[in-house]
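Open the model in your viewer and keep the sequence panel beside it. The tour goes from the whole chain to single residues, with one selection at a time.

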Amino acid sequence: SVFKERIRIMEETHERIEQYEAAKAEAAREEADWRKLANLISRDGIQGALVDAAGPELSKTVNYFLHTCFGNRWSQTISTQRESSDGKKTIEQCKVWVVDQGSPDDNAPPREGEGITFSGGEQEILSLAFQLALTYLARNSGIVEPDIYLDEPASSLNESMREKWVHMLRVAAGLIGCKHIHFISHNEDVKRLADARVKIER
């Protein structure tokens, strides 16, 4: 009787172990599926593929805005991948490389480098072109007649550059299909370039 009871307990224990092992195997399969899905939607998967696909069109659109409004002085190249130091794998990145042809009017010699190495005023122009290009590409996501808002723009630019900067906004507004572009400014020279002004007083 005691022996039979022990056999019964052993059989039940064995059955529970088999159930546990089956559940563990099923959990491992599910985890593998979720990990695979996570990799697919990660920046190395679909996100990376979308960024890589957008890179050339983004560069083209940025340069369209720059060349249309500032001539051929600045050109940007957007790199979304680089090789690892050992050359064994590809690493995702977003590197903006700028070629500046220089300007005799501003005593600016030709140079090239990453966008973050340029002066504050130059960065303002380059980053606006980049932002407008991103907004233009976002039209494919269903955005219709967007409004664009800018805070204290163009204050570090000289008069000539400000006018070209506003021209870039106008070109982008037409291309993107913006209803309005709003900007906040305390700079009278910048305010004068607006089509309409709203004055807020305390």
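**The whole chain**

Start with the contacts of the protein chain, where contact means heavy atoms within 4.5 Å. Among the contacts with a separation of 6 or more, 59% are between residues 24 or more positions apart.

Before going further, note that this is a predicted model, in which local features need pLDDT of at least 70, side-chain atom pairs count only at pLDDT 80 or more, and totals for chains, interfaces and linings use all residues. Residues are numbered from 1 along each chain as its sequence is written, and side-chain values use heavy atoms, with hydrogens and water left out.

Show the chain as a cartoon. The protein chain has five helices and five strands; these are DSSP runs numbered from the N terminus, with helices being H or I of at least four residues and strands being E of at least two. Read from the N terminus, the order is α-α-β-β-β-α-β-α-β-α. The radius of gyration of the protein chain is 29 Å, well over the 17 Å from the globule rule for 202 residues, so the chain is more spread out than a compact globule. That radius is taken over C-alpha atoms, and the globule rule is 2.2 Å times the number of residues to the power 0.38. Along the principal axes, the C-alpha atoms fill a box of roughly 105 × 50 × 30 Å.

The accessible surface of the protein chain is about 14,200 Å², and carbon and sulfur atoms hold 54% of that; the areas come from the Shrake-Rupley method with a 1.4 Å probe, and for residues only the protein chains shown count as cover. Of the 202 residues, 28% are buried. Buried means under 20% relative accessible area, exposed means over 50%, and partly exposed is in between (1.4 Å probe, protein chains only).

**The nonpolar core**

Now select Phe70, Trp74, Ile125, Leu132, Trp165 and Met168. These residues have the most contacts inside the largest nonpolar core, which has 33 residues. A nonpolar core is a set of buried Ala, Val, Leu, Ile, Met, Phe, Trp, Tyr and Cys residues joined through side-chain atoms within 4.5 Å. At least two core residues come from each of α2 (46–70), β1 (74–83), α3 (120–137), β4 (147–151) and α4 (159–176). Which element gives the largest share of this core? It is α4, with nine residues. In soluble globular proteins, nonpolar side chains tend to be buried together.

Keep Ile125 selected. This residue lies in helix α3 and is buried, with a relative accessible area of 1%. Leaving out neighbours within four places in sequence, Ile125 is in contact with Leu66, Phe70, Trp74, Leu157, Met161, Trp165 and Met168.

Move to Trp165. With neighbours within four places again left aside, Trp165 is in contact with Phe70, Ile125, Leu128, Leu150, Pro153, Ala154 and Leu157.

**Along helix α4**

Select Arg162, which lies in helix α4. Is Arg162 buried or exposed? Arg162 counts as buried, at 10% relative accessibility. Not counting residues up to four places away in sequence, Arg162 touches Ala154, Ser155, Leu157, Asn187, Asp189, Val190 and Leu193.

Next is His167, also placed in helix α4. At 36% relative accessibility, His167 counts as partly exposed. Beyond its neighbours within four places in sequence, His167 is in contact with Thr68 and Cys69. His167 and Thr68 are 99 residues apart in sequence, while their C-alpha atoms are 8.9 Å apart.

**Loops and an exposed lysine**

Select Glu145 in the loop between α3 and β4. Its phi is near 45°, a positive value in a residue other than glycine, and Glu145 is partly exposed at 46% relative accessibility. Then select Glu152 in the loop between β4 and α4. Glu152 has a positive phi of about 50° although it is not a glycine, and its relative accessibility of 29% makes it partly exposed.

Go to Pro109, in the loop between β2 (90–100) and β3 (111–114). Pro109 is exposed at 55% relative accessibility. Leaving aside neighbours within four places in sequence, Pro109 is in contact with Asp100 and Gly102.

End at Lys60 in helix α2. Lys60 is exposed, with a relative accessible area of 65%.
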